[in-house]
Amino acid sequence: MANFKFLNPNPVYFPVTSSLNSYVICKSSLSPNLPNSNSSHLFGTTLSIILSHHSFTPTLSRRLVLASVSGIWDALTGGNSPREAVVAVRRGMLLFRQGDVLGSVFEFDKAIDLDPRQRAYLWQRGLSLYYLNRFEEGAEQFRVDVAQNPNDTEESIWCFLCEAQLYGVDEARRRFLEVGIDSRPVMREAYLMFKDGGDPEKLVATFSSGRESEYFYASLYAGLYYESQNKSDEAKLHMIAACKSPYGSRFGVGNLSL
């Protein structure tokens, strides 16, 4: 297999501030080298936490189902492309965690070329595109994902985040992807906040004394909401709170210096 640096000699790297063993990477909000001019997009911790969380989710998700289905398909057809596509996705996630966000997109795109079925499940690609300021492509990715799974609250929100940067909050809200009812109370409230407008501080307060995961998600999406409003100070405050929370610390981000 060709060396990635040979295939992509000029990767865009983001500074890594956490251990690879935790499968978490943080793009420092203080870095002057990020490829965008909007300081509200400097919270790469968000992506990293989400990637890490999905990696450790104990319940069987559609993302895990995809890998299983690809394996079955490979066994039935005798082809190698589906298996190689799954490897490319994993490699893309690793590159992202290492700070090479552009390289991660390269691998995700390779996965799609090898197995087009991957296209409808690559939420990771959408996150990478968002943090490369490729908002139109990111929104398209999340819309494809939601079309495949019309109950995905988080991808609906991430589509909104992309389109808020393209069209502004009001237009993004008019284009908002409506999905089914999330089983998690915190995500139901977060969804309504993004869809209809709301108070991020109320969201955090509501779940501050609940489960650790609820406080984590409330803080995380409060930060993202402020990010969509271009309120970088408030966004950073809640991102840090999510990182420092017991649930965030469990994934190796509690000791980050932002």
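**Aromatic cluster and helix packing**

Tutor: Phe160, Phe176, Tyr191, Phe194, Phe216, Tyr217, Tyr221, Tyr225 and Tyr247 form one aromatic cluster. Keep in mind that this is a predicted model.

Student: How many aromatic pairs does the count come to?

Tutor: The count is 14 aromatic pairs.

Student: Take Phe160 and Phe176. Why is that pair called tilted?

Tutor: Their ring planes stand at 55 degrees, so the pair is tilted. The ring centres are 5.7 Å apart. An angle under 30 degrees would count as stacked, and one over 60 as edge-to-face.

Student: Where do the two residues sit?

Tutor: Phe160 is in helix α8, residues 153-167. Phe176 is in the loop between α9 (169-174) and α10 (185-196). They are 16 residues apart, and the pair links distant parts of the chain.

Student: Is Phe160 buried or exposed? And Phe176, buried or exposed?

Tutor: Phe160 is buried, at a relative accessible area of 1%. Phe176 has 10% relative accessibility and also counts as buried.

Student: Now Phe194 and Tyr221. What is the geometry of their rings?

Tutor: The planes are at 90 degrees, so this pair is edge-to-face. The centres lie 6.2 Å apart.

Student: Which helices does that pair tie together?

Tutor: Phe194 lies in α10 and Tyr221 in α12, residues 212-228. The parts joined are 27 residues apart in sequence. Both Phe194 and Tyr221 are buried.

Student: Which charged end sits over the ring of Tyr217?

Tutor: That of Arg184, 5.5 Å from the ring centre.

Student: Switching to helices. How do the axes of α8 and α12 cross?

Tutor: They cross at roughly 20 degrees and come within 9 Å. That makes α8 roughly parallel to α12, since the angle is under 35 degrees.

Student: Is the crossing of α8 and α12 left-handed or right-handed?

Tutor: The crossing is left-handed.

Student: Which residues of α8 and α12 meet?

Tutor: From α8, Glu154, Ile157, Trp158, Phe160, Leu161, Ala164 and Gln165. From α12, Tyr217, Tyr221, Leu224, Glu227 and Ser228. Phe160, Tyr217 and Tyr221 are also members of the aromatic cluster.

Student: And α11 against α12, what angle there?

Tutor: About 175 degrees, with the axes 8 Å apart. Helix α11 covers residues 200-207. The angle makes α11 roughly antiparallel to α12.

Student: Which residues make that contact?

Tutor: On α11, Pro200, Glu201, Leu203, Val204 and Phe207. On α12, Glu214, Tyr215, Ala218, Ser219, Ala222, Tyr225 and Tyr226.

Conventions. Residues are numbered from 1 along each chain as its sequence is written. This is a predicted model: local features need pLDDT of at least 70, side-chain atom pairs count only at pLDDT 80 or more; totals for chains, interfaces and linings use all residues. Side-chain values use heavy atoms; hydrogens and water are left out. Rings of Phe, Tyr and Trp (its six-membered ring) pair if their centres lie within 6.5 Å; planes under 30 degrees apart count as stacked, over 60 as edge-to-face and the rest as tilted. Helices (H or I, at least four residues) and strands (E, at least two) are DSSP runs, numbered from the N terminus. Buried means under 20% relative accessible area, exposed over 50%, partly exposed in between (1.4 Å probe, protein chains only). A charge sits over a ring if NZ of Lys or CZ of Arg is within 6 Å of the ring centre and within 35 degrees of the ring normal. Axes are lines fitted to C-alpha atoms, for helices over the stretch in contact, and angles run from 0 to 180 degrees between N-to-C directions. Angles under 35 degrees count as roughly parallel, over 145 as roughly antiparallel, 65 to 115 as roughly perpendicular and the rest as oblique. A crossing is left-handed if the near helix is turned anticlockwise from the far one by less than a right angle, and right-handed if clockwise. Contact means heavy atoms within 4.5 Å.
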